[in-house]
Amino acid sequence: MIGALRTPAQQLVTVFGGSGFLGRYVVRALTRRGYRVLVAVRQPELAGHLQPLGTVGQVHVVQANLRYPESVAHAVAKADHVINLVGILQESGRQSFGRLQAEGPRLIAEAAARDASVIHVSAIGADAGSESLYAHSKAEGEAGLFAARPDATVFRPSVLFGPGDGFFSRFAGLARSLPVMPLAGADTRFQPVYAGDVAEAVARAVDGTVPGGRVYELGGPEIRTLRELVEYVLATTERHRPILPLPWSVARIQGTVLGAIDRFSLGLMPKDFVITRDQVTLLERDNVVSEEARREGRTLEGLGITPTAAEAIVPSYLVRFRKSGQFDLRRAAPSEAPDDLAPRSGAEGSNFQPDRASGPAVGQQASGGPRQP
Ligand SMILES: NC(=O)c1ccc[n+]([C@@H]2O[C@H](COP(=O)([O-])OP(=O)(O)OC[C@H]3O[C@@H](n4cnc5c(N)ncnc54)[C@H](OP(=O)(O)O)[C@@H]3O)[C@@H](O)[C@H]2O)c1
């Protein structure tokens, strides 16, 4: 309704978790459309990378922490739309699943104005009956959100990919360091989804073209087992490493031990090596879009978004994990992959207008005159 009355430039979108991996894509998708964006972060001084995602003055940063309700209320006070992307994969100190993922969504929804739209990113696998604290807290968060705002929109993605992701890049990093790849949940199925596609779905919800009061499940075009995905990473990075599938009993011990070492070392252990007991529990369930969501069109395809294949994006950022990096790459046709973080010339929300740019136009010499034969 707000969107029908006002242009995007007249609407303010507050994004919690906008400094994270998915956050950059969401902020970019919003600025391209022309929205004004207020990114709510815990440490504004570390959020300088967000400003260039919009035009001058389009992106602002405000200090907020989901553990402090007053800061949340302050961040949403003038918002026409509120997006929550806050999530953690493991607890540390006061950063608990309960505070952030179970209570956070409701806190945000209650603080938002009644006529502001509320959009929340949860995760496939959210399940109130799950033994995983992560999955349980995600389900609790959704329930609390809908109790406060039955018209909220919830997106549950499968595992996300894109430059800087914590999935393909993580296995590529492990393959660089380890002689074998021990793998918990080798047969568990995933449906990796491009972060740019999820951001597009979120931005459409802000536009008002996604019916609210529903849970959407977002997956990519292909379903693969974890073993197949790791094989793909090894092939792409040209590493020959045997994959060692771990029985669940061993994987649980590994999770318990590594999780404890990580806790007692105060998080100093390299993140790529850490897998917690809770994450092993998560791996026991497939992470794919449900048949029900597909039937009811609560998917990317149902929203009219064609999911991007991993093969179109992943090789471009895994190349640095090859022994020789990009130096022995054969010259290939330019990738068709969309660069969602690059400014689009002349696009709405972009201030890059090549015809108005200073400097020589294409086909002209630096002196400004037409190219001499
Ligand atoms: N990545 C995936 O594969 C995946 C898959 C399924 C679902 N999801 C969900 O998608 C969402 C975004 O994921 P992501 O990969 O972008 O995560 P991410 O990169 O870890 O970003 C998490 C964000 O949460 C913020 N945050 C953490 N604690 C906070 C607090 N106490 N108060 C306010 N903000 C806080 C972080 O801000 P700071 O800068 O302050 O740390 C960061 O911006 C999460 O809900 C996640 O569960 C992700």
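**Close-up 1. Helix α2 and the ligand shell.** Helix α2, residues 21-33, gives the most to the shell around the ligand, contributing 3 residues. The model shown here and in the other views is predicted. In total, 26 residues surround the ligand. The closest are Gly17, Gly20, Leu22, Arg42 and Gly87. By residue class, the shell holds 15 nonpolar, 9 polar and 2 charged residues.

**Close-up 2. Strand β1 and its parallel partners, β2 and β4****.** With β2 (residues 36-41), β1 pairs in the parallel sense over 5 bridges. In β4, Ile83 stands opposite Val15.

**Close-up 3. Helix α8 and its buried face****.** Helix α8 spans residues 226-237 and has 12 residues. From first C-alpha to last, α8 reaches 16 Å, close to the 16 Å expected at 1.5 Å a residue. Its buried residues are Leu226, Leu229, Val230, Val233, Thr236 and Thr237. Seen down the axis of α8, these buried residues fall within an arc of 125 degrees, so they line one face of the helix.

**Close-up 4. The loop residue Glu238, between α8 and β13****.** Glu238 is found in the loop that links α8 to β13 (243-246). Its phi is positive, about 55 degrees, although Glu238 is not a glycine. Glu238 has 14 C-beta neighbours inside 10 Å and so counts as partly exposed.

**Close-up 5. Helix α5, largely enclosed by the rest of the structure****.** Helix α5 runs over residues 133-148, with 16 residues. Its reach from first C-alpha to last is 22 Å, close to the 22 Å expected at 1.5 Å a residue. Of the 16 residues in α5, 12 are buried, so the helix is largely enclosed by the rest of the structure. The buried residues include Leu133, Tyr134, Leu145 and Phe146. His136, Lys138 and Glu142 are also among them.

**Close-up 6. Val288 in the loop between α10 and α11****.** Val288 lies in the loop between α10 (277-283) and α11 (291-295). This residue is buried, with 20 other C-beta atoms within 10 Å. The cut-off for burial is 20 or more. Val288 and Val159 are 129 residues apart in sequence. In space, their C-alpha atoms are 9.0 Å apart.

**Close-up 7. Val62 in strand β3****.** The place of Val62 is in β3, which covers residues 59-63. With 16 other C-beta atoms within 10 Å, Val62 is partly exposed. Val72 is 10 residues from Val62 in sequence. The C-alpha atoms of Val62 and Val72 are 9.9 Å apart in space.

Conventions. Residues are numbered from 1 along each chain as its sequence is written. This is a predicted model: local features need pLDDT of at least 70, side-chain atom pairs count only at pLDDT 80 or more; totals for chains, interfaces and linings use all residues. A residue is near a molecule or strand if its C-beta atom, placed from the backbone, lies within 6 Å of it. Helices (H or I, at least four residues) and strands (E, at least two) are DSSP runs, numbered from the N terminus. Ala, Val, Leu, Ile, Met, Phe, Trp, Tyr, Cys and Pro count as nonpolar, Asp, Glu, Lys and Arg as charged, and the others, Gly among them, as polar. Two strands pair if DSSP finds at least two bridges between them. The expected span of a helix is 1.5 Å times one less than its number of residues. The arc is that of the directions from the helix axis to the C-beta atoms.
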